[in-house]
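I opened my notebook beside the viewer today and jotted things down as I looked them up.

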Amino acid sequence: MLTIIGRSGWGARPPTDRTTVAWADRTGFAVHYSAGPPTQTPGQIQDFHMDDRGWSDVGYNFLVNRDGTVFEGRGWLVVGAHAAPHNTSHIGVCFIGSEGDATDAAKESMRLLYHEANFRAGRSLAQTWHSGLPGQATECPGADLRSWVMAGMPSTIDNEDNDVALSTEDINRIAHAVHTRTVRSFVTDTDVQVQTEWRRGTRYAFENRSTLAELLEEVQQLRGEVAELADKS
Ligand SMILES: [Zn+2]
């Protein structure tokens with residue numbers, strides 16, 4: 001289960017400026033490391049970015065420490081300062097630490113964040129890492145995290161204990177939400193009703209992420225097949 005410590009939870013300073021984007025602008029999810037000690041706090045990183053670098057806020061959209069605790073940085077839809085010129089298109093998530101410090105708990109939290117981003121975007125974002133983006137002269141996020149992202153951010157822990165049994169009513173509502181989203185999105189993506197249904201679906205996703213991730217994959221496959229059929233007819 002993904003828990004995010006909000007800005008007030010870690011005593012974030014207010015940003016001096018902020019620019020927001022829409023989910024439609026987001027195409028990727030980029031993993032970073034801070035290349036500093038794993039004992040650094042988000043507050044210390046924010047101070048460094050604001051006071052030494054002169055940025056408007058901590059550069060990353062989210063930060064994850066060794067325990068797997070997730071801290072809200074700029075959040076989902078604020079343009080970050082982590083991999084120019086990809087800050088509008090990419091959500092930047094930073095592991096607090098250096099090469100070899102990333103734990104299974106930290107990787108699991110980043111994996112859940114990635115799936116959460118997909119749920120919110122309503123589609124799969126590209127899984128990438130800082131030095132994998134064009135024009136980035138950096139070692140970030142180091143060999144270990146880079147190969148983990150390249151492998152598709154596999155789960156590193158046993159998730160069985162986190163699975164929550166869903167009631168029949170819940171399952172029906174998820175199926176309905178997914179069905180509605182799949183069918184109706186061919187009509188219009190801006191349909192308010194569709195978005196309401198999708199949000200209802202994502203709330204249940206909090207309770208059973210792995211199942212929903214698989215469902216989302218299936219829905220996307222189905223959408224592709226339906227689109228193909230539509231092209232042929
Ligand atoms: Zn980086």
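**Overall layout**

I first read the protein chain along its sequence and noted the pattern β-β-α-β-β-β-α-β-α-α-α-α. That gives 6 helices and 6 strands; helices (H or I, at least four residues) and strands (E, at least two) are DSSP runs, numbered from the N terminus. My residue numbers start from 1 along each chain as its sequence is written. The model is predicted, so local features need pLDDT of at least 70 and side-chain atom pairs count only at pLDDT 80 or more, while totals for chains, interfaces and linings use all residues.

I checked confidence next: pLDDT is the predictor's confidence in each residue, from 0 to 100. The protein chain has a mean pLDDT of 86, with 80% of its residues at 70 or more. Residues 185-191 stay under 50, and there the model has 2 contacts beyond four places in sequence. I count two residues as in contact if their C-beta atoms, placed from the backbone, lie within 7 Å.

For burial I use C-beta atoms placed from the backbone: a residue is buried if 20 or more others lie within 10 Å of its own, exposed if 12 or fewer, and partly exposed in between. Of the 233 residues in the protein chain, 32% are buried.

**The sheet**

In what order do the 6 strands of the open sheet stand? I wrote down β1-β4-β3-β5-β2-β6, with mixed pairing. β1 (4-5) and β6 are at the edges with a single partner strand each, so one side of each has no neighbour in the sheet. Two strands pair if DSSP finds at least two bridges between them.

I then followed β5 (residues 90-95) and its partners. β2 pairs with β5 in the parallel sense over 6 bridges, and His32 has Cys94 as its bridge partner in β5. β3 also runs parallel to β5, over 3 bridges; Leu63 stands opposite Cys94, and Phe62 opposite Val93.

How many of the residues of β5 are buried? I found 6 of 6. His90, Gly92 and Cys94 point one way and Ile91, Val93 and Phe95 the other.

**Helix α1**

I listed the buried residues of α1 (residues 42-52) as Pro42, Ile45 and Gln46. Seen down the helix axis, they fall within an arc of 100°, so they line one face; the arc is that of the directions from the helix axis to the C-beta atoms. These buried residues pack against β3 (62-64) and β4 (70-72). Asp51 and Asp52 are exposed, on the face turned away from the buried side. Just after α1, I noted a positive phi of about 75° at Gly54.

**Gln220**

My last stop was Gln220, in helix α6 (residues 209-232). Is Gln220 buried, exposed or partly exposed? It counts as partly exposed because it has 15 C-beta neighbours inside 10 Å. Beyond four places in sequence, Gln220 is in contact with Arg123 and Ser124. Gln220 and Arg123 are 97 residues apart in sequence, and their C-alpha atoms are 7.6 Å apart.
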